[in-house]
Amino acid sequence: MNKRKFKDKITLDPIMTLLILIVLTIVVSGFLSLLGIQVNYNSIADNITFNYTQSLVSVDSLFSLSGLKYIFTSTVSNFVSFKPLSSLIIILIGIGVMEKSGFLKTVITLLTKKAKKKSVTFVLVLLCVLASIMGDLPFVVMIPLSALIFIYGHRNPYIGIIASYAALSAGSGISILLTSVDSALMDYTLLGAHVLDKSYTLNTLSFFLIMFLAVVLVSLAITFITENIIASKMPKYEFADEEMEEEFTITKKQLRGLIFALFAGLLYFLFFIYCIIPGLPLSGALLDYSQDFYIDKLFSVDSFFSMGFVFVVTMFFVILGFFYGIGAKTIRNNKDLCDDLGHSLDGVGKTLVLIFFASTLISVFKKTNIGEVITAALANILSIEGIGAFPLIIILFIISAIVTLFLPGSVFKWAIMAGIAVPAFMNVGISPEFAQVIFRFGESVTMGITPLATYYVIYLAYLDKYNQNKKPINLFKTLQFQIPYSLAVGIILLGLLIVWYIIGLPLGINGYTVI
């Protein structure tokens, strides 16, 4: 009994855990810098001669006067510019209107009322996996919505939060359609391929077949784990009285509200779609025409679509909630609307504190270059002569999974690894596109179990928000929830790669495993 009380007393709040990790990162960076830890790796000098140059990366100590100056001068700006902060606050405005007006409860209840629990979970997981084409935005949209979907289904919201984060994390590396990240990765893949073959090209649908099967298998696995492992471990959730209505019957007011909302939402959606279609009169206003691929025209840094996408989605949510409220008479005046706009922001104080410390941890760790050093060191293993094709596949998969724990950014990792990995694979007869698929699959395995992932803090914040236990939710417990998913995704994707290579199936259209 005394041991249990002691254990309860030492349970750390996530904020304190993040603070400890920040301090630990600073101290470790000083120690590693003192030891002179640095790594040389081959990178491609330019895209004309494709000659190698030696790049040197070393650990940058923050346990110094200059390091402390960096922390004190950059912490505020890093917090203000931290993407999840602005994205979450803006998206919550739209979700608040949909929730408070009753739109979400009506729609979700109607769609899930007669559906099986496993079916609802599978559809949610599949949507989260497929949502990777929209970049990082689904993390701030799907996690809050997943919690509400499970609440309206009279289930513990923890289940929806955990499952959606697992699916979003795994889905970040598997996409049926070419994403902006895949497009950026292809540039580095081609750069590596041109070292040996300057005429090598890649097709935008080179990965379609293997990605399609990966999406289906991963979605089924995450659903199975959610319903058979995670859900069974969740405690009973105490719902508010209004959430425990036994029978939901749609009224004429609610039906009218739905009609208003769907009609207004459809008009807005069609207008938005028209603005991203090139070649029509006055269309394509949201695209960046300096890019070649359509996905880059949509999601490039300079495209209006990319810069305003969060606001576009928020306005869509506001329109749905507002017109539902008008039709259902849950919004009667401007005060009701203004109250609804701020509904989801109630009690968001601790979330902001969590985001502050998470942004600081990510910034501090990135500044130390520890992740970059680990990535370069492990990537050099691929350049060892005499490694066969089959071991090389497994090694790249494992390296990609490991380095993602320390360097979650896909493009930055592949920029370091591609110049080594792609030529190494081509030398044993494996195609550059298959090397990129292996890399993407590997990072999907561990993206959900690293606190350095940019949107991990959203997952953490929502677990904390719906925590009904008197003890704070433990940061390491939140990662522990993701381990079964990580193991299953790893087994499935590695198995898929091995089978694909042995049989020699095409990866997609004009995409092959061997050259």
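Guide: An axis is a line fitted to C-alpha atoms, for a helix over the stretch in contact, and angles run from 0 to 180 degrees between N-to-C directions. Helices here are DSSP runs (H or I, at least four residues), numbered from the N terminus. This is a predicted model, where local features need pLDDT of at least 70, side-chain atom pairs count only at pLDDT 80 or more, and totals for chains, interfaces and linings use all residues. Residues are numbered from 1 along each chain as its sequence is written, and side-chain values use heavy atoms, leaving out hydrogens and water.

Visitor: What pLDDT does the protein average?

Guide: pLDDT is the predictor's confidence in each residue, from 0 to 100. The average here is 89, and 95% of the residues score at least 70. Residues 3-8 stay under 50. For that stretch the model has one contact (heavy atoms within 4.5 Å) beyond four places in sequence.

Visitor: How are two packed helices described?

Guide: By the angle between their axes and the distance between the axes. Take α7 (residues 137-152) and α20 (residues 456-465). Their axes are 10 Å apart, at an angle of about 20 degrees. α7 and α20 are therefore roughly parallel (under 35 degrees; over 145 is roughly antiparallel, 65 to 115 roughly perpendicular, the rest oblique).

Visitor: Which residues of α7 and α20 make the contact?

Guide: F139, V140, I143 and P144 of α7 and I458, Y459 and Y462 of α20. Seven are nonpolar (Ala, Val, Leu, Ile, Met, Phe, Trp, Tyr, Cys, Pro), none polar (the others, Gly among them) and none charged (Asp, Glu, Lys, Arg).

Visitor: At what angle do α6 and α7 cross?

Guide: Roughly 175 degrees, and the axes of α6 (residues 117-130) and α7 come within 12 Å. α6 and α7 are therefore roughly antiparallel. V120, T121, L124 and C128 of α6 meet M142, S146, I149 and F150 of α7. That contact has six nonpolar residues, two polar and no charged.

Visitor: At what angle do α4 and α15 pack?

Guide: At about 160 degrees, with the axes of α4 (residues 83-101) and α15 (residues 349-368) 10 Å apart. That makes α4 roughly antiparallel to α15. L85, L88 and I89 in α4 meet T351, L352 and I355 in α15. Five of the contact's residues are nonpolar, one is polar and none is charged.

Visitor: How many aromatic pairs does the structure hold?

Guide: It holds 17 aromatic pairs (ring centres of Phe, Tyr or Trp, its six-membered ring, within 6.5 Å). One of them, Y268 with F316, is stacked (planes under 30 degrees apart; over 60 is edge-to-face, the rest tilted). Their centres are 6.0 Å apart, with 25 degrees between the planes. Y268 lies in α11 (residues 252-274) and F316 in α13 (residues 304-328), so the pair ties together parts 48 residues apart in sequence.

Technical notes:
Helix = DSSP H or I, 4+ residues; strand = E, 2+ residues; numbered from the N terminus.
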